[in-house]
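Visitor: Please bring up the model. I have some questions about it.

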Amino acid sequence: MSFGRGKIWMNGVLVDWDDAKIHIGSHVIHYGSGVFEGARCYDTPNGSVCFRLDAHLRRLYDSAKVYRMVYDLDLPAFHEAVLDTIRANGYSACYIRPLLYRGYHELGVSPFKCPVEATILVWEWGAYLGDDALEKGVDVQVSSWARSAPNTFPAMAKSTANYANSQLIKMEASLNGYSEGIALDPGGLVSEGSGQNIFIIRDGVVFTPQMGGSVLPGITRDVIMTLARDLGFPVHEQPIPREMLYIADEIFFTGTAAEISPIRSVDKIAIGDGGRGPVTAAIQRRFFDVVNGNLPDTHGWLTHVYQRHTTAPEAIATAKSS
């Protein structure tokens with residue numbers, strides 16, 4: 001993991017990692033006034049590719065719109081800034097974290113006088129839930145912390161403020177000896193993990209909570225529904241009661257960081273055979289075949305980072321000589 005080194009993009013300027021600083025009086029620190037994204041760049045036989053970068057950045061700007069944040073760079077220019085940041089660091093594969101936030105001017109709940117600023121971080125990041133999680137699965141609990149009710153926090157916006165709730169879910173799970181927690185919505189129905197969407201398989205049918213259940217509209221969630229249908233599995237978005245978790249044949253988390261992580265137990269109840277199930281394995285295999293360039297990109301999900309015939313090491317040499 002390379003977190004803590006390299007270049008960070010800040011309002012159009014690439015700065016050294018240790019020099020990427022904001023004022024302690026910045027509005028985002030005191031009031032959580034920021035929106036962010038998480039995307040991935042994968043190393044493929046045809047070069048480095050960003051997976052669904054357009055969709056991630058559109059959601060970033062959608063989140064900013066909900067919070068009345070207008071940044072003075074349009075989407076195409078911000079898209080290019082992400083690619084420039086990856087190139088400047090010379091990565092062939094990495095995690096991507098763009099952030100829009102309210103900066104320094106004055107303190108008070110109203111953010112309008114504080115400038116909207118932006119930064120882009122990239123670093124090498126492996127399997128979010130551990131190296132064995134993608135194959136062996138993880139043990140999770142249903143959290144005592146619920147997701148927010150409608151009309152309190154906008155669940156469709158990926159805001160920094162929402163992740164205070166996620167931290168409570170994650171910390172509780174970790175202290176109780178679990179890898180993750182599953183949150184319920186205000187009505188007691190299944191919502192999502194601390195930072196992942198969730199899918200449940202029963203009798204070959206794929207289920208996932210519907211929008212409106214305090215669920216983030218995950219980019220990977222959308223990909224999984226598409227790939228599952230491509231593979232011939234029926235997919236239903238619907239309300240899911242808690243007990244369906246315990247009687248599921250298979251369950252898995254999805255997300256940019258988690259990718260597709262099987263769940264082997266919930267509240268110490270084994271799911272299926274207690275490992276990665278066949279439907280999860282088939283969807284997981286198709287997903288990684290696409291992002292690793294082993295199958296054609298028929299859905300237009302991949303954005304090439306480097307010029308054709310230019311490798312990451314060559315890009316580093318070019319950057320150092322310029």
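Guide: Start with a loop serine. Ser 214 sits in the loop between β12 (205–208) and α6 (219–230); helices (H or I, at least four residues) and strands (E, at least two) are DSSP runs, numbered from the N terminus. This is a predicted model: local features need pLDDT of at least 70, side-chain atom pairs count only at pLDDT 80 or more, and totals for chains, interfaces and linings use all residues. Residues are numbered from 1 along each chain as its sequence is written, and side-chain values use heavy atoms, with hydrogens and water left out.

Visitor: Is Ser 214 buried or exposed?
Guide: Buried means under 20% relative accessible area, exposed over 50%, and partly exposed in between (1.4 Å probe, protein chains only). Ser 214 has 7% relative accessibility, so the term that applies is buried.

Visitor: Which residues is Ser 214 in contact with, leaving aside its neighbours within four places in sequence?
Guide: Contact means heavy atoms within 4.5 Å. With neighbours within four places in sequence left aside, the partners of Ser 214 are Arg 147, Ser 148, Ala 155, Asp 185, Pro 186, Ser 191 and Glu 192.

Visitor: Where is Gly 181 found, and is Gly 181 buried or exposed?
Guide: Gly 181 belongs to strand β9 (residues 180–184). Its relative accessibility is 0%, so Gly 181 counts as buried.

Visitor: What separates the C-alpha atoms of Gly 181 and Arg 52?
Guide: Along the chain, Gly 181 and Arg 52 are 129 residues apart.

Visitor: Are Cys 50 and Cys 94 buried or exposed?
Guide: Relative accessibility is 1% for Cys 50, so Cys 50 counts as buried. For Cys 94 the value is 2%, and Cys 94 also counts as buried.

Visitor: What span should helix α2 have, and how far apart are its end C-alpha atoms?
Guide: Helix α2 (residues 53–66) has 14 residues. The expected span of a helix is 1.5 Å times one less than its number of residues. That gives 20 Å for α2, which agrees with the distance between its end C-alpha atoms, 20 Å.

Visitor: Which residues in α2 are buried?
Guide: The cut-off is under 20% relative accessible area. In α2, the buried residues are Leu 53, His 56, Leu 57, Arg 59, Leu 60, Tyr 61, Ser 63 and Ala 64.

Visitor: Which residue just after α2 takes a positive phi?
Guide: The phi value there is about 55°. The residue is Arg 68.

Visitor: How many salt bridges does a search of the whole structure find?
Guide: A salt bridge is a side-chain nitrogen of Lys or Arg within 4 Å of a carboxyl oxygen of Asp or Glu. Across the whole structure, the search finds 13.

Visitor: Which residue forms a salt bridge with Glu 37?
Guide: Glu 37 is buried, at 0% relative accessibility. The closest N and O atoms are 2.6 Å apart, and the partner is Arg 59.

Visitor: Which residue meets Asp 222 in a salt bridge?
Guide: Asp 222 is partly exposed, at 33% relative accessibility. The N to O distance in the pair is 2.6 Å, and the partner is Arg 52.

Visitor: Which residue forms a salt bridge with Arg 264?
Guide: Arg 264 is partly exposed, with a relative accessible area of 28%. The closest N and O atoms are 3.1 Å apart, and the partner is Asp 139.
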